[in-house]
Amino acid sequence: MLVDLVQHVPQFLEHLPPVALAQLLASCVLLRERVHEHVTKISCAMDCHDVRVLTTVVWPHLTQLELRCSKTLDVQSVSQLANATHLRLQSLNLSYSKIDSCLAAVLLPVPYPNLKSLYLAGNNLATAMMYLADAHLPLLEELELRDNKLDAQSMVALSRGSWLQLKTLTLAGNTIHSPGMQYLAGAHWPQLEAINLTNTGLSGSAMAMLLCGNWPCLQNLGLNGNYMYRMRNLPEFSQYSSLKHLHLDNSNLDHYSLQQLSKPRWCQLETIDLSNNMIDNLSGLVQASWLAMKGIRLDGNPLAAHAIAQLSQGDWPLLERLYLCRLHLDEAALLHLSKGNWPCLKKLDMCNSEQPLSSEAISHLSDAKWPLLEWLCLTNNGFNKTSVLTELSKADWPLLKTLQISLNNFEPEAVSQLVHAHRPLLESLTVSFKFVNDIVIKSLIKGKWPLLSELLVCTRTSKSHNPFLGWDKQRLQAWQNVEEDCRQMCRDTWHQLESLELPRAQDISAGFRSRIFKTF
């Protein structure tokens, strides 16, 4: 039976610790053959004993190894590990495993001829970059060095790495000043496509050094989490003509910074993340030439109606994704938004508005001509009137597949308006009511959504509110009597349903008992 299990469901082997795998190998010849045949990935938490067990067994097809070591490994264990697993290994993850320069000196000199991904985040490798630079990694494509306390000397050594296939480099969480950046920019990585410099304390001079990098294939640049207030050399990043994705969130950018950023032509840029900055005016953004722009994130900026008006006046012929979460949206803002000429818009996220949105605001949204819209999120926007769903049902978005309107304050009667909308392609629906009963579910299953595969109906009306606020003893008892029947009704109605979440009477009852104020 166990042999058959390994043969037909080999994925379960990935979740077993080395000790259990070793026991399987020792049980019988046939089982050992099956385990050897199917174990291609090992991922688990380990200590020195586990490493020794792992290294005493031959894994002829092992290509992925992910170890999480809570205690510092000894040199002997690391030596055994390096020599036992390197031949076919394509991915090695030892992040947050307390690897220091002593252990790196043992681990890295061993050749890894097929290794493509190396993850060493969260260790202490400031003085170990020399071993990494000299390591035999001819096929290395991805290198993760986040949070390693790297310094200028580390950058000197790292820049010597001859990794002609390197495509992704992550240095987030390390402090990189101008001297270190100078060496980093001089590295010869002709295939580099993505570099993550999040929270690296980049100064203006360090940014200038970064611009000297000779990386003709660079597509993804992460500069988020650095202090870039009114940094003048931002426009010069357009010299990376292949750049497609630019991350500038949490960077203290303001209106002036945005004007600087908007000066050049970004011929290939497809996405820009400007969330959680201090931008209150978007005139600079719409004045720029964004010929290929497909996604814009503006979450968490102090943007109000006038800024949304500016955004809507821009020319965005290819824009597909727009994120406007945690903004000061109101009726005027949504009126401007609805007039935006975005013929390719597919995804719109407007969750967590700083003030409640009215049904009048939603009526403007419903008037928008976005024929390709597939994904809409209006979560936690303070809706409390049935008229909101009435207006939303009028929207002509024939391709809508995902609708999220949870964490609002709808009365159960509002469900009748929700099902009026013609959504033939709807696949995912998330909605919340003050409480749920069988009448809500019986009304809900009238929705003509033949492709629905995910349904979440909750009673949590706000992140900060009591999720049991709309319940009392009588409602809870009534729901207990029909809960399972309602679940079955949903499954019988939508044959494509894969994920179904309805309120659980058991959880609601336990929630009442755990609260200091007793509802009943």
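Predicted model: local features only at pLDDT ≥ 70, side-chain atom pairs only at ≥ 80, totals over all residues.
Helix α14 spans residues 331-338. Its buried residues are Ala333, Leu334, Leu337 and Ser338. They lie on the same side of α14, because the arc they cover around the axis is only 130 degrees. The partners against which these buried residues pack are α13 (305-312), β12 (321-323), β13 (347-349) and α15 (359-366). At the start of α14, the backbone nitrogen of Ala332 has a side-chain oxygen of Asp330 within 3.2 Å.

Helix α19 comprises 21 residues, 473-493. From first to last C-alpha α19 reaches 29 Å, close to the 30 Å expected at 1.5 Å a residue. A kink of about 50 degrees is centred on Val482. Val482 is also among the buried residues of α19, together with Leu476, Trp479, Glu483, Cys486, Arg487 and Cys490.

The structure contains 6 aromatic pairs.

| Pair | Centre to centre | Angle between planes |
|---|---|---|
| Trp163 and Trp189 | 6.0 Å | 15 degrees |
| Trp342 and Trp370 | 6.2 Å | 25 degrees |

Trp163 sits in the loop between α8 (152-158) and β6 (168-170), and Trp189 in the loop between α9 (178-185) and β7 (194-196). This pair links parts of the chain 26 residues apart. Trp163 counts as buried at 1% relative accessibility, and Trp189 is buried at 0%.

Trp342 belongs to the loop between α14 and β13, and Trp370 to the loop between α15 and β14 (375-377), so their pair ties together parts 28 residues apart in sequence. Trp342 is buried, with a relative accessible area of 1%; for Trp370, also buried, the value is 1%. Ring pairs join Trp342, Trp370 and Trp397 into a cluster.

Definitions and conventions: Residues numbered from 1 in each chain as written. Heavy atoms only, no water. Buried < 20%, exposed > 50% of the residue type's maximum accessible area, 1.4 Å probe, protein only. Helix = DSSP H or I, 4+ residues; strand = E, 2+ residues; numbered from the N terminus. Arc of directions from axis to C-beta. Contact = heavy atoms within 4.5 Å. Polar contact = N/O pair within 3.5 Å; in protein donor to acceptor, adjacent residues only side chain to side chain. Expected span 1.5 Å × (residues − 1). Bend = angle between axes of the 7 residues up to and from the residue. Phe/Tyr/Trp six-rings, centres within 6.5 Å; stacked < 30°, edge-to-face > 60°.
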